[in-house]
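Please look over the sequence and the structure first.

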Amino acid sequence: MRADEALALLDRLLPGRTFSNLQETVFSQVWEGKTYAEIADNCGYDHSYIRDVGFRLWQALSESLNQKVSKSNIRAVLERHARSQSNPAPTLATLPEVSKLLPEWELPNGPVPLQSRFYVERPPLEIQARAELLKPGSLIRLKAPRQMGKTSLLRRLVAHGQANHMRCVTLSLHRADRQIFADLDLFLRWFCANISYQLGLEPDLERRWHSDIGSKVSCTAYLEDYVLPQADTPLLIALDEVNELFAYPKISAEFLPLLRSWYEDAREIEVWGRVHWILSHATEVYVPLQLHQSPFNVGLALRLPPFTLAQVQDLACRHQLPWAAGSDGAQKLLSLLQVVSYRPGLVRLALYAMAQGNLSLEQLIEEASTQSGIYSDHLRELLAALYPHPNLQVAFRHVIESAAPVALEPIAAYRLESLGLVTLSKNLATSSCELYRQYFLAFLPPSLSSTYG
(Lines give C-alpha, C1' and ligand atoms only; values in the text may rest on other atoms or scores of the structure.)
Protein backbone atom coordinates (compact mmCIF):
# COMPACT_ATOMS: atom_id res chain seq x y z
CA MET A 1 0.00 0.00 0.00
CA ARG A 2 1.38 3.41 -1.00
CA ALA A 3 1.40 6.35 1.40
CA ASP A 4 -1.38 8.15 -0.53
CA GLU A 5 -3.54 5.01 -0.36
CA ALA A 6 -2.92 4.78 3.38
CA LEU A 7 -3.95 8.43 3.77
CA ALA A 8 -7.18 7.69 1.89
CA LEU A 9 -7.83 4.83 4.31
CA LEU A 10 -7.24 7.22 7.22
CA ASP A 11 -9.96 9.51 5.86
CA ARG A 12 -12.41 6.61 5.94
CA LEU A 13 -11.38 5.53 9.45
CA LEU A 14 -11.64 9.06 10.85
CA PRO A 15 -14.64 10.62 9.09
CA GLY A 16 -15.09 14.33 9.57
CA ARG A 17 -11.52 14.85 10.69
CA THR A 18 -9.28 17.15 8.64
CA PHE A 19 -5.54 16.58 8.77
CA SER A 20 -3.11 19.48 8.53
CA ASN A 21 -0.39 19.49 5.90
CA LEU A 22 2.18 18.72 8.61
CA GLN A 23 0.18 15.77 9.93
CA GLU A 24 -0.13 14.31 6.44
CA THR A 25 3.59 14.85 5.90
CA VAL A 26 4.50 13.12 9.16
CA PHE A 27 2.20 10.19 8.39
CA SER A 28 3.51 9.78 4.83
CA GLN A 29 7.16 9.90 5.84
CA VAL A 30 6.62 7.50 8.75
CA TRP A 31 4.89 5.19 6.27
CA GLU A 32 8.01 5.37 4.10
CA GLY A 33 10.23 4.41 7.04
CA LYS A 34 11.58 7.79 8.10
CA THR A 35 12.43 8.48 11.76
CA TYR A 36 11.03 11.46 13.66
CA ALA A 37 14.51 13.01 13.64
CA GLU A 38 14.71 12.73 9.85
CA ILE A 39 11.22 14.17 9.44
CA ALA A 40 12.11 17.05 11.77
CA ASP A 41 15.20 17.85 9.71
CA ASN A 42 13.25 17.65 6.46
CA CYS A 43 10.44 19.90 7.72
CA GLY A 44 12.48 22.31 9.82
CA TYR A 45 10.73 21.49 13.11
CA ASP A 46 11.98 20.39 16.51
CA HIS A 47 12.24 16.62 16.99
CA SER A 48 9.97 16.67 20.04
CA TYR A 49 7.28 18.62 18.19
CA ILE A 50 7.23 16.13 15.31
CA ARG A 51 7.03 13.30 17.85
CA ASP A 52 4.03 15.03 19.45
CA VAL A 53 2.29 15.38 16.07
CA GLY A 54 2.83 11.67 15.47
CA PHE A 55 1.61 10.75 18.95
CA ARG A 56 -1.71 12.54 18.40
CA LEU A 57 -2.18 10.70 15.10
CA TRP A 58 -1.55 7.29 16.66
CA GLN A 59 -3.85 8.18 19.57
CA ALA A 60 -6.73 9.04 17.22
CA LEU A 61 -6.21 5.83 15.27
CA SER A 62 -5.97 3.76 18.46
CA GLU A 63 -9.34 5.06 19.59
CA SER A 64 -10.91 4.49 16.17
CA LEU A 65 -9.61 0.92 15.76
CA ASN A 66 -9.83 0.02 19.48
CA GLN A 67 -6.28 -1.29 19.49
CA LYS A 68 -2.84 0.09 20.22
CA VAL A 69 -1.45 1.92 17.19
CA SER A 70 2.07 3.34 17.15
CA LYS A 71 4.77 4.44 14.75
CA SER A 72 6.26 0.96 14.75
CA ASN A 73 3.07 -0.94 13.86
CA ILE A 74 1.01 1.55 11.82
CA ARG A 75 1.78 -0.12 8.50
CA ALA A 76 0.87 -3.59 9.73
CA VAL A 77 -2.33 -2.36 11.41
CA LEU A 78 -3.66 -0.46 8.38
CA GLU A 79 -2.75 -3.16 5.88
CA ARG A 80 -4.45 -5.76 8.07
CA HIS A 81 -7.50 -3.50 8.37
CA ALA A 82 -7.60 -3.02 4.60
CA ARG A 83 -7.52 -6.80 4.07
CA SER A 84 -10.29 -7.36 6.62
CA GLN A 85 -12.50 -4.81 4.88
CA SER A 86 -11.99 -6.37 1.48
CA ASN A 87 -12.77 -9.86 2.78
CA PRO A 88 -14.50 -9.56 6.16
CA ALA A 89 -14.91 -12.70 8.20
CA PRO A 90 -17.86 -12.95 10.58
CA THR A 91 -16.91 -13.00 14.24
CA LEU A 92 -18.85 -12.94 17.48
CA ALA A 93 -17.79 -9.35 18.02
CA THR A 94 -19.44 -8.29 14.74
CA LEU A 95 -22.82 -9.67 15.79
CA PRO A 96 -24.87 -6.82 17.32
CA GLU A 97 -26.60 -8.97 19.93
CA VAL A 98 -23.24 -10.31 21.17
CA SER A 99 -21.19 -7.13 20.94
CA LYS A 100 -23.60 -5.42 23.31
CA LEU A 101 -22.64 -7.96 25.96
CA LEU A 102 -18.90 -7.42 25.58
CA PRO A 103 -17.30 -4.88 27.97
CA GLU A 104 -16.13 -1.63 26.41
CA TRP A 105 -12.51 -1.37 27.47
CA GLU A 106 -10.90 2.03 27.28
CA LEU A 107 -7.47 2.16 25.68
CA PRO A 108 -5.21 3.86 28.28
CA ASN A 109 -3.51 6.19 25.83
CA GLY A 110 -3.06 9.72 27.14
CA PRO A 111 -5.24 11.54 29.69
CA VAL A 112 -8.24 9.68 31.12
CA PRO A 113 -11.44 10.96 29.41
CA LEU A 114 -13.69 13.10 31.59
CA GLN A 115 -16.60 10.65 31.70
CA SER A 116 -14.41 7.57 32.07
CA ARG A 117 -15.30 5.00 34.72
CA PHE A 118 -11.59 4.20 34.94
CA TYR A 119 -10.53 7.49 36.54
CA VAL A 120 -9.45 6.86 40.13
CA GLU A 121 -9.65 9.76 42.57
CA ARG A 122 -6.88 10.12 45.14
CA PRO A 123 -8.48 11.75 48.20
CA PRO A 124 -8.11 14.39 49.45
CA LEU A 125 -6.36 15.66 46.32
CA GLU A 126 -9.38 16.38 44.12
CA ILE A 127 -11.47 17.73 47.01
CA GLN A 128 -8.77 20.22 47.99
CA ALA A 129 -8.20 21.29 44.38
CA ARG A 130 -11.88 21.83 43.60
CA ALA A 131 -12.39 23.91 46.74
CA GLU A 132 -9.29 26.03 46.11
CA LEU A 133 -10.18 26.62 42.48
CA LEU A 134 -13.33 28.56 43.38
CA LYS A 135 -11.50 31.07 45.61
CA PRO A 136 -10.92 34.51 44.02
CA GLY A 137 -7.44 34.86 42.52
CA SER A 138 -6.55 31.24 43.31
CA LEU A 139 -3.43 29.46 42.08
CA ILE A 140 -3.04 25.67 42.08
CA ARG A 141 0.23 23.92 41.31
CA LEU A 142 0.17 20.29 40.17
CA LYS A 143 3.54 18.55 40.29
CA ALA A 144 4.30 14.98 39.30
CA PRO A 145 6.47 13.10 36.79
CA ARG A 146 5.07 11.51 33.65
CA GLN A 147 2.50 8.72 33.88
CA MET A 148 1.11 10.11 37.15
CA GLY A 149 -2.10 11.72 35.89
CA LYS A 150 -1.35 15.47 35.97
CA THR A 151 -3.16 16.27 32.74
CA SER A 152 -6.12 14.05 33.66
CA LEU A 153 -6.57 16.00 36.90
CA LEU A 154 -5.99 19.35 35.20
CA ARG A 155 -8.76 18.62 32.68
CA ARG A 156 -11.15 17.69 35.50
CA LEU A 157 -10.40 20.94 37.26
CA VAL A 158 -11.04 22.85 34.05
CA ALA A 159 -14.37 21.02 33.70
CA HIS A 160 -15.15 21.93 37.34
CA GLY A 161 -14.42 25.55 36.53
CA GLN A 162 -16.71 25.43 33.52
CA ALA A 163 -19.48 23.88 35.64
CA ASN A 164 -19.10 26.86 37.98
CA HIS A 165 -19.50 29.37 35.15
CA MET A 166 -15.83 30.13 34.55
CA ARG A 167 -14.43 30.93 31.13
CA CYS A 168 -11.51 28.53 30.66
CA VAL A 169 -8.28 28.69 28.70
CA THR A 170 -5.84 25.75 28.53
CA LEU A 171 -2.34 26.22 27.13
CA SER A 172 -0.08 23.19 26.69
CA LEU A 173 3.42 24.60 26.45
CA HIS A 174 4.87 21.46 24.87
CA ARG A 175 2.74 22.23 21.79
CA ALA A 176 4.28 25.64 21.17
CA ASP A 177 6.68 25.87 18.22
CA ARG A 178 10.29 25.96 19.33
CA GLN A 179 10.82 29.34 17.70
CA ILE A 180 8.28 30.84 20.13
CA PHE A 181 10.80 30.33 22.94
CA ALA A 182 13.56 32.15 21.09
CA ASP A 183 12.47 35.58 22.23
CA LEU A 184 10.43 36.97 25.15
CA ASP A 185 8.40 39.24 22.90
CA LEU A 186 7.43 36.32 20.63
CA PHE A 187 6.48 34.18 23.60
CA LEU A 188 4.31 36.82 25.27
CA ARG A 189 2.55 37.62 22.00
CA TRP A 190 1.90 33.89 21.51
CA PHE A 191 0.55 33.73 25.07
CA CYS A 192 -1.84 36.67 24.55
CA ALA A 193 -2.96 35.53 21.09
CA ASN A 194 -3.82 32.04 22.34
CA ILE A 195 -5.84 33.39 25.25
CA SER A 196 -7.71 35.71 22.87
CA TYR A 197 -8.52 32.92 20.41
CA GLN A 198 -9.77 30.55 23.10
CA LEU A 199 -12.04 33.27 24.50
CA GLY A 200 -13.42 34.03 21.04
CA LEU A 201 -11.80 37.48 20.90
CA GLU A 202 -10.14 38.92 17.83
CA PRO A 203 -6.46 39.44 18.74
CA ASP A 204 -5.60 43.13 18.78
CA LEU A 205 -1.86 42.84 19.33
CA GLU A 206 -0.64 45.14 16.58
CA ARG A 207 -2.58 48.11 17.90
CA ARG A 208 -2.02 47.46 21.60
CA TRP A 209 1.59 46.23 21.68
CA HIS A 210 4.16 48.99 22.18
CA SER A 211 7.88 48.29 21.97
CA ASP A 212 8.67 51.52 23.81
CA ILE A 213 7.16 50.26 27.06
CA GLY A 214 8.51 46.72 26.70
CA SER A 215 7.03 43.27 26.21
CA LYS A 216 6.01 42.58 29.83
CA VAL A 217 4.18 45.87 30.27
CA SER A 218 2.53 45.46 26.86
CA CYS A 219 1.41 41.94 27.78
CA THR A 220 0.02 43.07 31.15
CA ALA A 221 -1.80 46.00 29.61
CA TYR A 222 -3.21 43.82 26.83
CA LEU A 223 -4.71 41.39 29.32
CA GLU A 224 -5.78 44.02 31.84
CA ASP A 225 -7.30 46.54 29.41
CA TYR A 226 -8.52 44.35 26.54
CA VAL A 227 -9.01 40.69 27.48
CA LEU A 228 -10.12 40.67 31.12
CA PRO A 229 -12.76 43.43 30.89
CA GLN A 230 -14.51 41.38 28.16
CA ALA A 231 -14.69 38.28 30.35
CA ASP A 232 -17.99 38.75 32.16
CA THR A 233 -17.37 35.72 34.39
CA PRO A 234 -14.28 34.50 36.30
CA LEU A 235 -11.47 33.33 34.01
CA LEU A 236 -9.46 30.13 34.55
CA ILE A 237 -6.07 29.92 32.83
CA ALA A 238 -4.52 26.44 32.97
CA LEU A 239 -0.88 26.09 31.90
CA ASP A 240 0.08 22.47 31.25
CA GLU A 241 3.72 21.27 31.06
CA VAL A 242 5.15 24.51 32.47
CA ASN A 243 8.46 22.67 32.82
CA GLU A 244 8.92 23.16 29.06
CA LEU A 245 9.83 26.75 29.96
CA PHE A 246 12.67 25.66 32.23
CA ALA A 247 14.78 24.73 29.22
CA TYR A 248 14.72 28.41 28.17
CA PRO A 249 16.20 30.31 31.13
CA LYS A 250 15.92 33.75 29.51
CA ILE A 251 12.17 33.31 28.94
CA SER A 252 11.57 31.66 32.32
CA ALA A 253 13.47 34.34 34.23
CA GLU A 254 11.13 36.99 32.80
CA PHE A 255 7.77 35.20 32.44
CA LEU A 256 7.61 33.40 35.80
CA PRO A 257 8.08 36.57 37.90
CA LEU A 258 5.49 38.24 35.65
CA LEU A 259 3.06 35.44 36.43
CA ARG A 260 3.76 35.89 40.14
CA SER A 261 3.06 39.64 39.84
CA TRP A 262 -0.35 38.98 38.22
CA TYR A 263 -1.22 36.60 41.05
CA GLU A 264 -0.29 39.27 43.61
CA ASP A 265 -2.25 41.95 41.73
CA ALA A 266 -5.41 39.96 42.51
CA ARG A 267 -5.30 41.42 46.05
CA GLU A 268 -5.74 44.99 44.84
CA ILE A 269 -6.91 45.02 41.21
CA GLU A 270 -10.43 43.75 40.63
CA VAL A 271 -9.93 42.29 37.13
CA TRP A 272 -6.99 40.17 38.29
CA GLY A 273 -9.01 38.93 41.24
CA ARG A 274 -11.32 37.23 38.73
CA VAL A 275 -8.41 35.22 37.25
CA HIS A 276 -7.75 31.69 38.54
CA TRP A 277 -4.57 29.78 37.66
CA ILE A 278 -3.53 26.14 37.37
CA LEU A 279 0.14 25.33 36.75
CA SER A 280 1.14 21.78 35.89
CA HIS A 281 4.79 20.77 35.84
CA ALA A 282 6.91 17.63 36.01
CA THR A 283 9.99 18.93 37.81
CA GLU A 284 11.09 21.51 40.30
CA VAL A 285 11.87 24.85 38.69
CA TYR A 286 15.54 24.92 37.75
CA VAL A 287 15.70 28.60 36.79
CA PRO A 288 17.14 30.62 39.71
CA LEU A 289 14.43 32.98 40.99
CA GLN A 290 14.26 35.07 44.11
CA LEU A 291 11.61 33.90 46.56
CA HIS A 292 9.39 36.93 45.98
CA GLN A 293 9.52 36.39 42.19
CA SER A 294 8.59 32.72 41.98
CA PRO A 295 5.04 31.46 41.35
CA PHE A 296 6.14 28.09 42.77
CA ASN A 297 6.00 29.09 46.43
CA VAL A 298 2.48 30.55 46.48
CA GLY A 299 -1.00 29.11 46.14
CA LEU A 300 -1.95 25.49 46.76
CA ALA A 301 0.80 22.98 45.96
CA LEU A 302 -0.38 19.45 45.15
CA ARG A 303 2.04 16.59 44.52
CA LEU A 304 0.27 13.76 42.76
CA PRO A 305 1.05 10.53 44.61
CA PRO A 306 1.22 7.06 43.07
CA PHE A 307 -1.76 4.77 43.48
CA THR A 308 -2.26 2.85 46.70
CA LEU A 309 -2.77 -0.91 46.65
CA ALA A 310 -6.46 -0.39 47.49
CA GLN A 311 -6.86 1.98 44.54
CA VAL A 312 -5.21 -0.53 42.19
CA GLN A 313 -7.56 -3.26 43.44
CA ASP A 314 -10.53 -0.95 42.88
CA LEU A 315 -9.34 -0.24 39.32
CA ALA A 316 -8.81 -3.97 38.71
CA CYS A 317 -12.40 -4.55 39.78
CA ARG A 318 -13.56 -1.97 37.24
CA HIS A 319 -11.63 -3.95 34.62
CA GLN A 320 -13.54 -7.09 35.69
CA LEU A 321 -10.49 -8.92 37.04
CA PRO A 322 -11.98 -10.87 39.97
CA TRP A 323 -8.70 -12.60 40.84
CA ALA A 324 -7.33 -9.22 42.05
CA ALA A 325 -9.78 -8.96 44.98
CA GLY A 326 -9.01 -9.72 48.60
CA SER A 327 -5.71 -10.48 50.29
CA ASP A 328 -4.74 -13.13 47.72
CA GLY A 329 -5.37 -10.68 44.90
CA ALA A 330 -3.33 -8.05 46.71
CA GLN A 331 -0.35 -10.39 46.89
CA LYS A 332 -0.59 -11.10 43.18
CA LEU A 333 -0.84 -7.41 42.31
CA LEU A 334 2.19 -6.57 44.45
CA SER A 335 4.44 -8.49 42.05
CA LEU A 336 3.29 -6.11 39.29
CA LEU A 337 3.35 -2.96 41.40
CA GLN A 338 6.95 -3.58 42.44
CA VAL A 339 7.86 -3.36 38.74
CA VAL A 340 5.80 -0.30 37.79
CA SER A 341 6.10 1.56 41.13
CA TYR A 342 2.32 2.10 41.44
CA ARG A 343 2.43 4.64 38.58
CA PRO A 344 -1.15 5.27 37.37
CA GLY A 345 -0.37 5.27 33.64
CA LEU A 346 1.64 2.05 33.80
CA VAL A 347 -0.92 0.37 36.07
CA ARG A 348 -3.81 1.24 33.77
CA LEU A 349 -2.03 -0.21 30.72
CA ALA A 350 -1.33 -3.46 32.59
CA LEU A 351 -4.95 -3.87 33.75
CA TYR A 352 -6.25 -3.03 30.28
CA ALA A 353 -3.98 -5.65 28.71
CA MET A 354 -5.04 -8.34 31.16
CA ALA A 355 -8.73 -7.45 30.81
CA GLN A 356 -8.51 -8.36 27.12
CA GLY A 357 -7.96 -11.96 28.24
CA ASN A 358 -4.88 -12.57 26.11
CA LEU A 359 -2.19 -11.98 28.73
CA SER A 360 -1.63 -13.43 32.18
CA LEU A 361 -0.13 -11.49 35.06
CA GLU A 362 2.94 -13.74 35.05
CA GLN A 363 3.53 -13.27 31.33
CA LEU A 364 3.02 -9.52 31.58
CA ILE A 365 5.63 -9.19 34.33
CA GLU A 366 8.11 -11.48 32.56
CA GLU A 367 7.89 -9.48 29.31
CA ALA A 368 7.40 -6.00 30.84
CA SER A 369 10.89 -4.64 30.17
CA THR A 370 11.41 -6.42 26.84
CA GLN A 371 10.79 -5.28 23.28
CA SER A 372 7.76 -7.56 23.04
CA GLY A 373 6.13 -6.37 26.28
CA ILE A 374 3.14 -4.08 26.62
CA TYR A 375 5.38 -1.14 27.59
CA SER A 376 7.64 -1.43 24.56
CA ASP A 377 6.36 1.71 22.78
CA HIS A 378 6.61 3.80 25.93
CA LEU A 379 10.12 2.53 26.68
CA ARG A 380 11.32 3.12 23.12
CA GLU A 381 10.06 6.71 23.31
CA LEU A 382 12.11 7.26 26.46
CA LEU A 383 15.16 5.66 24.85
CA ALA A 384 14.72 7.90 21.79
CA ALA A 385 14.55 10.94 24.07
CA LEU A 386 17.90 9.98 25.62
CA TYR A 387 19.55 9.01 22.35
CA PRO A 388 20.65 12.52 21.22
CA HIS A 389 22.16 13.28 24.66
CA PRO A 390 25.19 11.13 25.55
CA ASN A 391 25.66 13.00 28.84
CA LEU A 392 22.15 12.00 29.94
CA GLN A 393 22.82 8.40 28.94
CA VAL A 394 25.96 8.39 31.06
CA ALA A 395 24.18 10.01 34.01
CA PHE A 396 21.21 7.64 33.95
CA ARG A 397 23.40 4.60 33.45
CA HIS A 398 25.28 5.62 36.59
CA VAL A 399 21.98 5.92 38.50
CA ILE A 400 20.66 2.49 37.51
CA GLU A 401 24.00 0.77 38.12
CA SER A 402 24.37 2.22 41.60
CA ALA A 403 23.02 0.52 44.72
CA ALA A 404 22.79 3.90 46.49
CA PRO A 405 21.29 7.29 45.50
CA VAL A 406 23.52 9.28 43.16
CA ALA A 407 24.45 12.96 43.04
CA LEU A 408 23.94 14.31 39.51
CA GLU A 409 24.90 17.52 37.78
CA PRO A 410 21.85 19.83 38.18
CA ILE A 411 20.80 20.13 34.53
CA ALA A 412 21.12 16.37 33.95
CA ALA A 413 19.05 15.74 37.08
CA TYR A 414 16.37 18.19 35.90
CA ARG A 415 16.16 16.62 32.43
CA LEU A 416 16.01 13.06 33.72
CA GLU A 417 13.34 14.00 36.24
CA SER A 418 11.31 15.78 33.55
CA LEU A 419 11.33 12.52 31.56
CA GLY A 420 10.14 10.68 34.66
CA LEU A 421 13.23 8.48 34.79
CA VAL A 422 14.58 9.52 38.18
CA THR A 423 13.21 10.54 41.55
CA LEU A 424 15.10 13.28 43.36
CA SER A 425 15.46 13.50 47.12
CA LYS A 426 17.34 16.69 47.92
CA ASN A 427 20.31 16.41 45.54
CA LEU A 428 20.30 12.63 45.13
CA ALA A 429 18.72 10.64 42.31
CA THR A 430 17.36 7.10 42.18
CA SER A 431 15.63 5.25 39.37
CA SER A 432 11.95 6.12 39.55
CA CYS A 433 10.76 2.71 38.43
CA GLU A 434 12.07 -0.86 38.38
CA LEU A 435 10.67 -1.22 34.87
CA TYR A 436 12.93 1.58 33.66
CA ARG A 437 15.95 0.21 35.50
CA GLN A 438 15.59 -3.23 33.89
CA TYR A 439 15.00 -1.87 30.39
CA PHE A 440 17.79 0.68 30.32
CA LEU A 441 20.31 -1.71 31.84
CA ALA A 442 19.66 -3.87 28.79
CA PHE A 443 19.49 -1.16 26.12
CA LEU A 444 21.61 1.79 27.24
CA PRO A 445 25.20 1.38 26.06
CA PRO A 446 27.69 0.78 28.89
CA SER A 447 29.55 3.95 29.82
CA LEU A 448 33.06 4.08 28.37
CA SER A 449 33.80 7.21 30.32
CA SER A 450 31.85 8.97 33.00
CA THR A 451 32.04 12.14 35.03
CA TYR A 452 30.29 10.24 37.81
CA GLY A 453 32.64 7.40 38.52
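Glu 206 is exposed at a relative accessible area of 67%, where exposed means over 50%, buried under 20% and partly exposed in between (1.4 Å probe, protein chains only). The model is predicted: local features need pLDDT of at least 70, side-chain atom pairs count only at pLDDT 80 or more, and totals for chains, interfaces and linings use all residues. Residues are numbered from 1 along each chain as its sequence is written, and side-chain values use heavy atoms, with hydrogens and water left out.

**Salt bridges**

- The structure holds 14 salt bridges, each a side-chain nitrogen of Lys or Arg within 4 Å of a carboxyl oxygen of Asp or Glu.
- Glu 206 pairs with Arg 189, with 2.5 Å between the closest N and O atoms.
- This pair links distant parts of the chain, 17 residues apart: Arg 189 is in helix α9 (residues 184-198) and Glu 206 in helix α10 (residues 205-208).
- Glu 270 and Arg 274 form a salt bridge at 3.4 Å, N to O; Glu 270 is exposed at 53%, and Arg 274 is partly exposed at 22%.
- Arg 380 and Asp 377 form a salt bridge at 2.8 Å, N to O.
- Both lie in helix α18 (residues 376-386), three residues apart; Arg 380 is partly exposed at 30%, whereas Asp 377 is buried at 13%.

**Whole chain**

- The chain has 21 helices and eight strands, taken as DSSP runs numbered from the N terminus (helices H or I, at least four residues; strands E, at least two).
- Of its 453 residues, 48% count as buried.
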